[in-house]
Amino acid sequence: MFSTEIFIPVVIMSILGGAFALLIGVVSQLTHIDVDPRVIQIREALPGANCGACGYPGCDGCAVAIAKGEAPISACVVGGAASTEKIADIMGGSAEIGQRYVASVKCQGDCEHTQKLFAYHGIQDCRIMAKQRGGNKSCLYGCLGCGTCQSVCNFGAIQMVNGVAVINEEKCTQCMQCINICPKHIIELVPYHAPAQVKCHNPEFGKDVKTACTIGCIGCGICHRLAPEEFNLDGKLAHATYHDAFDMEKAQAAAAKCPSKCIVINAEGDVNAKPLPSEEKEAAVQ
């Protein structure tokens, strides 16, 4: 038996459904945005870390910027040479791979070389500990050892060894998360396989440094006198310099004479390493 009580609602719902479908179709056409097919290809070539190291909001933002020519094809430091080469093919250009940089902790003040000023029982976060009189280590400029940098590294490149962060340069992707979060600002970008590094960040006078840490730079200047082109003395703190004529033998001789043994030499390092350009160094700590 035919029932209008069922038929009429069905007809109404069908009409409403058709109307809504038509409306959605019209809105879809009006709001349609053509997507550059290269964006999808570039996005697939990126590692998907979404770390923000490129300066864009995730890999999607980076892909759009590269496709528009607003970012270089090497914008993704995490993807490295592999991603750059794939993107170069997509964009129809050549991959110019620049020098690789990795993060380095300018401190060796572990539990054997420094002392604890007080017992800390708070949250294991370097940023919080730093607000407690600068931290509980005798050196107020060194690694606090809470492992905050390790916690933000998505690539397993940082380990805490005896109270100091140690970076595995083979795993480091230059994402700069550790650099940005360190309250002591002791992590910096250095050339991959840097031939020499002065692992200290304490700018105080020698006696004060020695009291705080037995492996800190005391600013004696011996390294600069023995290897003036390889080491520079910035006030009371020595720094390794990088240039085409870096003399590994002089650097090794200077390191051997260093009374604090704060110079780390990589015998297989790249003597042609270049320092990070100043503008990129500034961007790395934003």
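Throughout these legends, a residue is buried when its relative accessible area is under 20%, exposed when that area is over 50%, and partly exposed in between (1.4 Å probe, protein chains only). The views come from a predicted model, in which local features need pLDDT of at least 70 and side-chain atom pairs count only at pLDDT 80 or more, while totals for chains, interfaces and linings use all residues. Residues are numbered from 1 along each chain as its sequence is written, and side-chain values use heavy atoms, with hydrogens and water left out.

**View 1. The protein as a whole, with its helices and strands.** The protein has 11 helices and 8 strands, where helices (H or I, at least four residues) and strands (E, at least two) are DSSP runs numbered from the N terminus. Of its 286 residues, 38% count as buried. Among contacts (heavy atoms within 4.5 Å) between residues at least 6 apart in sequence, 59% join residues at least 24 apart.

**View 2. Q174 in the loop between β3 and α7.** Q174 belongs to the loop that lies between β3 (164-167) and α7 (177-181), and it counts as buried because its relative accessibility is 15%. Although Q174 is not a glycine, its phi is positive, at about 65°. Most residues other than glycine have a negative phi.

**View 3. N50 in the loop between α2 and α3.** N50 is found in the loop between these two helices and, with a relative accessible area of 45%, is partly exposed. Its phi is near 50°, a positive value in a residue other than glycine.

**View 4. The packing of helix α2 against helix α4.** Helix α2 (residues 37-45) and helix α4 (residues 80-91) pack at an angle of about 165°, and their axes are 9 Å apart; the axes are lines fitted to C-alpha atoms, for helices over the stretch in contact, and angles run from 0 to 180 degrees between N-to-C directions. This angle makes α2 roughly antiparallel to α4, a term for angles over 145 degrees. The contact is made by R38, Q41, I42 and A45 of α2 together with S83, K86, I87, I90 and M91 of α4. These residues divide into 5 nonpolar, 2 polar and 2 charged, where Ala, Val, Leu, Ile, Met, Phe, Trp, Tyr, Cys and Pro count as nonpolar, Asp, Glu, Lys and Arg as charged, and the others, Gly among them, as polar.

View 5. The buried residues of α2 are V39, I42 and A45. Seen down the axis of α2, they fall within an arc of 120°, so they line one face of the helix; the arc is that of the directions from the helix axis to the C-beta atoms. What covers them includes α3 (58-68) and α4, whereas P37 and E44 are exposed on the other side of α2.

View 6. In helix α10 (residues 248-257), the buried residues are M248, A251, A254 and A255. They cover an arc of only 125° around the axis, which puts them on the same side of α10. Their cover includes α9 (222-226), β6 (231-234) and β8 (263-265), while the face turned away from the buried side carries the exposed residues E249, A256 and K257.

Technical notes: Parallel < 35°, antiparallel > 145°, perpendicular 65-115°, else oblique.
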